[in-house]
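Hello,

Here is the structure I promised to pass on to you. Please open it first, and then read my notes below with it in view.

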Amino acid sequence: MLNQKEILSTLQMIDQQHLDIRTITMGISLFSCAEVDPAKACRKIYDKICRYAQNLVQVGEDIESEFGIPIVNKRISVTPMALVAAASNTENYVPFAKAMDEAAKTCGVNFIGGYSALVQKGMTRADELLIRSLPEALASTERVCGSVNVGSTKAGINMDAVKLLGHTVKDLAARTAESGGAGCSKLVIFCNAVEDNPFMAGAFHGAGEAEKVINVGVSGPGVVHSAIKQVKGQPFDVLAETIKRTAFRVTRMGQLVAQEAASRLDTPFGIVDLSLAPTPAVGDSVARILEEMGLETCGTHGTTAALALLNDAVKKGGVMASSSVGGLSGAFIPVSEDEGMIAAAESGVLTLDKLEAMTCVCSVGLDMIAVPGDTPASTISAIIADEAAIGMINSKTTAVRLIPAPGKGVGDAVEFGGLFGSAPIMPVHPESSEEFIARGGRIPAPIQSLKN
Amino acid sequence: MKAIVSVLGKDRVGITAAVCTKLAENNINILDISQTIMDGNFSMVMIVDMDKASVSIKEMSGVLEDLGKEIGQTIRIQREDIFDAMHRI
């Protein structure tokens with residue numbers, strides 16, 4: 001039988017260490033909604049999402065109260081919209097985003113992901129129309145998130161898309177200037193995007209996925225932080241073992257909630273994504289975990305090694321605890337959403353270059369980073385290219401979510417509020433990448449793509 | 001179904017009595033109790049049987065939360081599964 005110590009330790013994780021289920025995300029296939037008439041397609045999209053996800057929020061709230069574990073977000077991901085909209089006889093894709101937005105509002109979810117295109121090897125007409133519509137679509141909707149996959153280890157990097165997206169990011173920032181360019185927080189540019197990621201803004205329901213699926217994202221930087229405080233000064237193998245054990249416990253809880261949600265929603269269970277996803281709340285920071293390992297400030301020498309250990313130990317602990325671990329599983333390092341990262345960036349210790357190095361070993365990439373509003377589109381494209389190259393060569397997912405905050409420069413900060421937090425503007429190199437980006441074409445797939 | 005009732009707060013007279021009374025009123029059977037006082041802080045954990053309960057766990061959660069406010073404690077009822085998942089393989 002359970003003893004008091006075990007029960008109290010779980011309660012402490014929930015009460016003081018911010019342990020929560022970060023998201024229950026329902027993936028819905030929209031292939032059946034493709035129609036020549038775009039208005040008809042939008043109607044079908046709205047109806048199908050609402051039909052499948054009508055009970056999602058209620059079920060999430062029921063589980064939350066019965067198990068006594070906070071479920072912070074209930075969300076929806078759909079088939080990359082460019083694949084669905086391709087069938088429609090229209091050049092204006094914004095109504096598809098609006099249909100998604102309306103469905104999200106009806107279902108009561110705070111975000112819906114999948115206004116996306118997968119263009120790692122080339123762009124179809126629909127892909128290009130979708131990418132060109134991103135600024136208007138994301139600026140004129142409230143809950144829609146978009147993503148574009150521009151590269152993969154198998155296909156290389158589509159530099160035409162990278163070039164285009166530099167302008168897309170700038171345009172989106174300009175259209176949402178009054179909120180500091182917050183529209184850019186809803187757009188993720190991937191290399192090696194995963195098809196079952198439950199976390200926003202990069203979630204979409206991949207083409208190889210089932211009709212509908214429940215994916216669950218668990219988080220718990222505070223729990224890991226508190227666990228490693230107990231092993232201060234001990235060798236790295238002890239540290240890694242402690243993180244693994246903690247990740248195992250947290251993932252077990254995620255697996256239980258995922259199965260319960262899947263069965264109540266009569267939807268197959270997909271994956272548990274064990275990601276240390278920080279929030280701006282004190283005690284919920286990934287940077288502070290790295291500092292607890294013995295670094296004075298996150299971003300100093302040793303940070304990449306610390307993050308590598310953390311990311312790997314989290315995966316190892318999680319993989320045994322769930323029947324199916326997937327998504328991004330690891331440690332996220334978004335700057336604006338992490339109290340410790342914000343402090344490190346403000347102090348000047350954590351720089352964009354160091355963050356890029358950290359993305360070689362974290363679970364995703366350059367995330368929620370504010371840069372000066374006058375950063376040229378070609379520089380943004382070049383940052384995307386660098387990040388995609390890291391992902392392509394290392395066979396890992398990388399991503400870029402940059403916010404060129406209009407009218408702001410180094411020394412300023414932007415406030416996004418809520419889970420998005422606030423971001424100090426970080427300097428970028430002023431030297432031009434213009435000619436490099438102007439080349440266009442494709443960076444060929446690396447030699448490690450030839451595995452067959 | 002088994003559930004865990006946890007009561008945390010400052011020690012005072014009558015906490016256990018008040019909680020047990022509420023559980024009895026709703027036909028919830030107590031299987032195990034452990035209770036300690038540390039530095040004047042009261043902490044009690046009960047394993048209870050909800051099979052014959054006259055209310056759902058969700059309703060009981062509201063009842064206990066209200067009682068907690070009345071007697072200055074944080075009282076929760078949660079399904080046992082969550083603790084099992086984290087502490088038992």
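Let's begin with one residue pair in chain A: Ile112(A) stands opposite Val144(A), which belongs to strand β4(A). (Helices, H or I runs of at least four residues, and strands, E runs of at least two, are DSSP runs numbered from the N terminus.) The partner strand is β3 (residues 111-118), and it pairs with β4(A) in the parallel sense over six bridges; two strands pair if DSSP finds at least two bridges between them. Strand β4 of chain A covers residues 144-152, and nine of its nine residues are buried. Buried means under 20% relative accessible area, exposed over 50%, and partly exposed in between, with a 1.4 Å probe and protein chains only.

A word on how to read all this: it is a predicted model, where local features need pLDDT of at least 70 and side-chain atom pairs count only at pLDDT 80 or more, while totals for chains, interfaces and linings use all residues. Residues are numbered from 1 along each chain as its sequence is written, chains are lettered from A and ligands numbered from 1 in the order in which they are written, and side-chain values use heavy atoms, leaving out hydrogens and water.

Next, look at helix α12 (residues 339-346) of chain A. Six of its eight residues are buried, so the helix is largely enclosed by the rest of the structure. Among the buried ones are Met341(A) and Ile342(A). They pack against α10 (286-292), α13 (352-358) and β13 (422-424) of chain A. At the helix start, a side-chain oxygen of Asp338(A) comes within 2.9 Å of the backbone nitrogen of Gly340(A). Just after the helix, Gly348(A) has a positive phi of about 85°.

Now for the two chains together. How many residues of chain A are in contact with chain B? There are 28, and they touch 27 residues of chain B, where contact means heavy atoms within 4.5 Å. The chains bury about 2,600 Å² between them, 61% of it on carbon and sulfur atoms; this is the accessible area (1.4 Å probe) lost on putting the two parts together, summed over both. In chain A, Met1(A), Leu2(A) and Gln4(A) lose the most area to chain B.

Five salt bridges link the chains, each a side-chain nitrogen of Lys or Arg within 4 Å of a carboxyl oxygen of Asp or Glu. One joins Arg76(B) and Asp15(A), at 2.7 Å from N to O.

Enjoy exploring!

Note on methods:
Polar contact = N/O pair within 3.5 Å; in protein donor to acceptor, adjacent residues only side chain to side chain.
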